[in-house]
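Here is a briefing on one chain. Look over the sequence and the fold before reading on.

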Amino acid sequence: MTNSMIHQGGGTRILGLDPGLRRTGWGVVVAEGSRLRWVAHGVVSPPETAPLSERLLWLLEKVGEVCAAHDCDEAAIEEVFVNVNPASTLKLGHARAAVMLAPARAGLSVAEYSPNLIKKAVVGAGHADKGQIAFMVKRLLPASGDVKADAADALAVAITHAQLRKRTLLEALNPVRGAA
(Lines give C-alpha, C1' and ligand atoms only; values in the text may rest on other atoms or scores of the structure.)
Protein backbone atom coordinates (compact mmCIF):
# COMPACT_ATOMS: atom_id res chain seq x y z
CA MET A 1 0.00 0.00 0.00
CA THR A 2 1.48 3.34 -1.00
CA ASN A 3 1.53 6.40 1.20
CA SER A 4 -1.07 8.15 -0.97
CA MET A 5 -3.39 5.13 -0.74
CA ILE A 6 -3.16 5.24 3.06
CA HIS A 7 -4.07 8.94 3.00
CA GLN A 8 -7.02 8.40 0.67
CA GLY A 9 -8.31 5.72 3.04
CA GLY A 10 -8.79 8.30 5.79
CA GLY A 11 -6.96 9.20 8.91
CA THR A 12 -4.79 12.13 9.78
CA ARG A 13 -1.15 12.35 8.71
CA ILE A 14 0.94 13.64 11.57
CA LEU A 15 4.50 14.88 11.19
CA GLY A 16 6.58 14.56 14.36
CA LEU A 17 9.74 16.64 14.63
CA ASP A 18 12.75 16.39 16.92
CA PRO A 19 14.67 19.60 16.19
CA GLY A 20 18.43 19.91 16.21
CA LEU A 21 21.01 22.06 14.47
CA ARG A 22 23.14 19.04 13.50
CA ARG A 23 20.39 16.44 13.05
CA THR A 24 16.65 16.99 12.93
CA GLY A 25 14.60 13.84 13.15
CA TRP A 26 11.24 13.55 11.45
CA GLY A 27 8.56 10.89 11.36
CA VAL A 28 5.15 10.60 9.77
CA VAL A 29 2.30 8.45 11.08
CA VAL A 30 -1.34 8.09 10.13
CA ALA A 31 -3.81 8.19 13.01
CA GLU A 32 -7.14 6.46 12.33
CA GLY A 33 -9.16 6.38 15.52
CA SER A 34 -7.01 4.55 18.05
CA ARG A 35 -4.86 2.93 15.35
CA LEU A 36 -1.49 4.28 14.29
CA ARG A 37 0.30 3.41 11.11
CA TRP A 38 3.90 4.24 10.23
CA VAL A 39 4.42 6.07 6.94
CA ALA A 40 8.04 7.25 6.88
CA HIS A 41 10.87 8.63 8.96
CA GLY A 42 14.31 10.12 8.53
CA VAL A 43 16.85 12.69 9.56
CA VAL A 44 17.84 15.94 7.89
CA SER A 45 21.38 17.13 8.54
CA PRO A 46 22.54 20.51 7.28
CA PRO A 47 26.19 20.90 6.29
CA GLU A 48 28.08 21.41 9.57
CA THR A 49 30.59 23.81 8.00
CA ALA A 50 27.93 26.17 6.65
CA PRO A 51 27.21 29.45 8.46
CA LEU A 52 24.36 29.36 10.98
CA SER A 53 21.97 31.29 8.73
CA GLU A 54 22.47 28.83 5.84
CA ARG A 55 22.00 25.83 8.15
CA LEU A 56 18.72 27.29 9.44
CA LEU A 57 17.51 27.97 5.89
CA TRP A 58 18.50 24.42 4.92
CA LEU A 59 16.41 23.02 7.82
CA LEU A 60 13.43 25.17 6.83
CA GLU A 61 13.58 24.00 3.23
CA LYS A 62 14.19 20.29 3.90
CA VAL A 63 11.46 19.99 6.54
CA GLY A 64 9.14 21.83 4.13
CA GLU A 65 9.97 19.20 1.50
CA VAL A 66 9.10 16.43 3.98
CA CYS A 67 5.72 18.11 4.68
CA ALA A 68 4.93 18.28 0.98
CA ALA A 69 6.26 14.82 0.08
CA HIS A 70 4.12 13.10 2.71
CA ASP A 71 1.03 15.33 2.41
CA CYS A 72 0.93 15.96 6.17
CA ASP A 73 -2.20 17.27 7.89
CA GLU A 74 -0.78 18.28 11.28
CA ALA A 75 2.62 18.62 12.90
CA ALA A 76 4.05 18.34 16.39
CA ILE A 77 7.44 19.34 17.73
CA GLU A 78 9.41 18.72 20.88
CA GLU A 79 9.79 21.78 23.10
CA VAL A 80 13.29 22.99 23.77
CA PHE A 81 14.79 22.14 27.12
CA VAL A 82 17.10 24.57 28.89
CA ASN A 83 20.69 23.43 28.68
CA VAL A 84 23.55 24.24 31.05
CA ASN A 85 25.18 26.15 28.21
CA PRO A 86 23.05 29.21 27.26
CA ALA A 87 24.72 29.49 23.82
CA SER A 88 23.77 25.89 22.99
CA THR A 89 20.20 26.46 24.17
CA LEU A 90 19.93 29.56 21.99
CA LYS A 91 21.24 27.73 18.91
CA LEU A 92 18.81 24.86 19.52
CA GLY A 93 16.04 27.46 19.80
CA HIS A 94 17.03 28.86 16.40
CA ALA A 95 16.94 25.38 14.85
CA ARG A 96 13.59 24.69 16.50
CA ALA A 97 12.16 27.91 15.06
CA ALA A 98 13.31 27.01 11.53
CA VAL A 99 11.90 23.49 11.86
CA MET A 100 8.63 24.82 13.31
CA LEU A 101 8.18 27.38 10.53
CA ALA A 102 8.28 24.76 7.76
CA PRO A 103 4.94 23.08 8.62
CA ALA A 104 3.44 26.44 9.58
CA ARG A 105 4.39 27.76 6.13
CA ALA A 106 2.61 24.72 4.63
CA GLY A 107 -0.56 25.68 6.52
CA LEU A 108 -0.33 22.97 9.19
CA SER A 109 -1.12 23.48 12.85
CA VAL A 110 1.95 22.82 14.99
CA ALA A 111 1.54 21.40 18.50
CA GLU A 112 4.34 21.49 21.08
CA TYR A 113 5.12 18.87 23.72
CA SER A 114 7.68 18.75 26.50
CA PRO A 115 10.31 16.01 26.44
CA ASN A 116 8.96 14.50 29.69
CA LEU A 117 5.39 14.39 28.36
CA ILE A 118 6.58 12.64 25.18
CA LYS A 119 8.53 10.07 27.19
CA LYS A 120 5.59 9.47 29.50
CA ALA A 121 3.15 9.09 26.59
CA VAL A 122 5.33 6.60 24.71
CA VAL A 123 7.25 4.73 27.42
CA GLY A 124 5.12 5.38 30.50
CA ALA A 125 7.91 7.13 32.41
CA GLY A 126 8.88 10.80 32.10
CA HIS A 127 12.60 10.11 32.44
CA ALA A 128 13.05 7.34 29.86
CA ASP A 129 16.28 7.14 27.89
CA LYS A 130 16.67 7.13 24.11
CA GLY A 131 16.99 3.34 23.99
CA GLN A 132 13.66 2.89 25.76
CA ILE A 133 12.00 5.35 23.38
CA ALA A 134 13.38 3.56 20.31
CA PHE A 135 12.24 0.20 21.73
CA MET A 136 8.67 1.42 22.31
CA VAL A 137 8.48 3.15 18.91
CA LYS A 138 9.43 -0.16 17.30
CA ARG A 139 6.73 -1.94 19.35
CA LEU A 140 4.04 0.64 18.57
CA LEU A 141 5.01 1.00 14.90
CA PRO A 142 6.48 -2.39 13.88
CA ALA A 143 6.54 -1.48 10.18
CA SER A 144 9.10 1.26 10.98
CA GLY A 145 11.86 -1.30 11.57
CA ASP A 146 15.00 -0.29 13.43
CA VAL A 147 14.90 3.47 13.87
CA LYS A 148 17.89 5.64 14.81
CA ALA A 149 17.58 7.88 17.87
CA ASP A 150 16.66 11.20 16.20
CA ALA A 151 13.99 9.65 13.98
CA ALA A 152 12.69 7.53 16.89
CA ASP A 153 12.31 10.68 18.97
CA ALA A 154 10.40 12.33 16.11
CA LEU A 155 8.09 9.33 15.75
CA ALA A 156 7.56 9.50 19.54
CA VAL A 157 6.46 13.13 19.13
CA ALA A 158 3.99 12.07 16.42
CA ILE A 159 2.67 9.23 18.60
CA THR A 160 2.22 11.64 21.53
CA HIS A 161 0.33 14.08 19.33
CA ALA A 162 -1.91 11.31 18.01
CA GLN A 163 -2.77 10.23 21.57
CA LEU A 164 -3.30 13.72 22.95
CA ARG A 165 -5.18 15.08 19.95
CA LYS A 166 -7.58 12.13 20.20
CA ARG A 167 -8.19 12.91 23.87
CA THR A 168 -8.72 16.61 23.06
CA LEU A 169 -11.20 15.74 20.29
CA LEU A 170 -13.11 13.37 22.59
CA GLU A 171 -13.25 15.99 25.34
CA ALA A 172 -14.61 18.53 22.86
CA LEU A 173 -17.34 16.08 21.78
CA ASN A 174 -18.16 14.89 25.31
CA PRO A 175 -17.51 17.63 27.87
CA VAL A 176 -17.28 16.47 31.47
CA ARG A 177 -20.73 16.44 32.99
CA GLY A 178 -21.45 17.74 36.43
CA ALA A 179 -18.56 20.17 36.50
CA ALA A 180 -19.42 23.25 38.51
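Buried means under 20% relative accessible area, exposed over 50%, and partly exposed in between, with a 1.4 Å probe and protein chains only. Because its relative accessibility is 33%, Val-80 counts as partly exposed. This is a predicted model: local features need pLDDT of at least 70, side-chain atom pairs count only at pLDDT 80 or more, and totals for chains, interfaces and linings use all residues. Residues are numbered from 1 along each chain as its sequence is written, and side-chain values use heavy atoms, with hydrogens and water left out.

**Confidence and overall make-up**
- The chain has a mean pLDDT (the predictor's confidence in each residue, from 0 to 100) of 88, and 86% of its residues reach 70 or more.
- Residues 1-6 have pLDDT below 50; this stretch still has 9 contacts in the model beyond near neighbours in sequence. Contact means heavy atoms within 4.5 Å.
- There are 6 helices and 5 strands. Helices (H or I, at least four residues) and strands (E, at least two) are DSSP runs, numbered from the N terminus.
- Along the sequence the pattern reads α-β-β-β-α-β-α-β-α-α-α.
- Of the 180 residues, 42% count as buried.
- Take the contacts between residues at least 6 apart in sequence: 58% of them join residues at least 24 apart.

**Helix H3**
- H3 covers residues 86-105, 20 residues in total. Its span from first to last C-alpha is 28 Å, close to the 28 Å expected at 1.5 Å a residue. The expected span is 1.5 Å times one less than the number of residues.
- Buried positions in H3 include Thr-89, Leu-92, Ala-95 and Arg-96.
- The cover over the buried residues of H3 includes strands S1 (12-18), S2 (24-32), S4 (74-78) and S5 (109-113), along with helix H2 (52-69).
- Asn-85 caps the N-terminal end of H3, with a side-chain oxygen 2.9 Å from the backbone nitrogen of Ala-87.
- Just after H3, Gly-107 has a positive phi of about 90°.

- Val-80 sits in the loop between S4 and H3.
- Beyond its neighbours within four places in sequence, Val-80 contacts Leu-92, Gly-93 and Arg-96.
- Pro-115 is 35 residues from Val-80 in sequence, yet 8.0 Å away in space, C-alpha to C-alpha.

**Largest pocket**
- The largest pocket has a volume of about 650 Å³.
- Its lining has 27 residues; Asp-18, Pro-19, Gly-20, Phe-81 and Leu-92 lie nearest the centre.
- H3, H4 (115-122), H5 (130-140) and H6 (149-173) each supply at least two lining residues. H3 gives the most, with 5.
- On a 1 Å grid over the protein atoms alone, a pocket is an open set of points where a 1.4 Å probe fits, with protein on both sides within 12 Å along at least five of seven lines; lining residues have an atom within 4 Å of a point.
- Points are joined across faces, edges and corners, and a volume is the space filled by probe spheres set on them.

- Ala-154 is found in H6. Ala-154 counts as buried because its relative accessibility is 0%.
- Contacts of Ala-154, leaving aside neighbours within four places in sequence, include Gly-16, Asp-18 and Trp-26.
- Ser-144 lies in the loop between H5 and H6. Its relative accessibility is 6%, so Ser-144 counts as buried.
- The side chain of Ser-144 reaches the backbone oxygen of Leu-141 at 2.6 Å.

Terms used. Polar contact = N/O pair within 3.5 Å; in protein donor to acceptor, adjacent residues only side chain to side chain.
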